Amino acid sequence: MPQLVPFYFVNEITFTFIILAITVYILSKYILPRFVRLFLSRTFISKLLG
Amino acid sequence: MAARSAALKVDWAKITTSLGLRGQTVAGLQAFKKRNDDVRRKVQQLSELPTTVDFAHYRSVLKNQAVVDEIEKRFTAFKPATYDVSRQLKAIDVFEAEAVKNAEATKQKVDLELKDLEKTLANIESARPFEELTVDEVAAAEPSIDEKTAKLVSKGRWSVPGYKEKFGDLSVL
């Protein structure tokens, strides 16, 4: 099983965490705030229209 | 007389209509006009009356010459009292200048306000419907959206309070 070869295993772990970290960063910095902003504008407009 | 000619020049009917006066002001103006007309009529009537006295006639008619002499003496000595109205005229001029200045200032203010209102009206008329707006445009018009976003994000909250109740969500759970 190649998964149990130590170098391969360490490589898997490393890249998993790097990708997770990058995903979390991009989501929290760029993607999710866009949604929050969109929702806030929607509520603002619906408040304007009464 | 300068004052009388100025009063004659005033077009009373035009004042009320062109200035759009109402209520108490119109009543006051009409009262003032009436007073002016009355006084003018009175002055005309009085100025038409003879101002000379035929003392020779009285002297020949009356026995008591001393009385006639006395009255003639008094009559020739009489001088109508003159009033110095220049101070009042000056005060009126100052008041008029002040009023004109105030009116100009008010006009300027009103013009500015009018311009602002016209701008607002043009803005309203040229406004696009909400469907055509982008989030960026809405956020530019209402800066509190960006502030609120930053606040919610910094707290780590990704949902907007009150949004789900209003718009629902697609969550199956």
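Ser46(A) sits in helix H1 of chain A, which spans residues 6-48. The model is predicted.

Visitor: Is Ser46(A) buried or exposed?
Guide: Buried means under 20% relative accessible area. The relative accessibility of Ser46(A) is 15%. Ser46(A) therefore counts as buried.

Visitor: What area do chain B and chain A bury between them?
Guide: The size of an interface is often given as the accessible area lost when the parts come together. Here 18 residues of chain B are in contact with 17 residues of chain A. Carbon and sulfur atoms hold 79% of the buried area. The total is about 1,800 Å².

Visitor: Which residues of chain B lose the most area to chain A?
Guide: Three residues together make up 34% of what the chain B side buries. They are Phe130(B), Trp158(B) and Tyr163(B).

Visitor: Which side chains meet in a salt bridge at 2.7 Å, N to O?
Guide: Two salt bridges are counted between chain B and chain A. Three residue pairs are in polar contact, both at pLDDT 80 or more. The salt bridge at 2.7 Å joins Arg37(A) and Asp146(B).

Visitor: Which element gives the largest share of the side of chain B that touches chain A?
Guide: Helices H7 (135-141), H8 (144-154) and H9 (163-167) of chain B each give two or more residues to that side. By class, the side has eleven nonpolar, one polar and six charged residues. The largest share is six residues, and it comes from H8(B).

Visitor: Is Ala13(B) buried or exposed?
Guide: Ala13(B) lies in helix H2 of chain B, residues 12-19. Its C-alpha atom is separated by 9.7 Å from that of Gln30(B), 17 residues apart along the chain. Exposed means over 50% relative accessible area. Ala13(B) has 56%, so Ala13(B) is exposed.

Notes:
Residues numbered from 1 in each chain as written. Chains lettered and ligands numbered in written order. Predicted model: local features only at pLDDT ≥ 70, side-chain atom pairs only at ≥ 80, totals over all residues. Heavy atoms only, no water. Contact = heavy atoms within 4.5 Å. Buried area = accessible area lost by both parts, 1.4 Å probe. Salt bridge = Lys/Arg side-chain N within 4 Å of Asp/Glu carboxyl O. Polar contact = N/O pair within 3.5 Å; in protein donor to acceptor, adjacent residues only side chain to side chain. Helix = DSSP H or I, 4+ residues; strand = E, 2+ residues; numbered from the N terminus. Nonpolar A, V, L, I, M, F, W, Y, C, P; charged D, E, K, R; others polar. Buried < 20%, exposed > 50% of the residue type's maximum accessible area, 1.4 Å probe, protein only.
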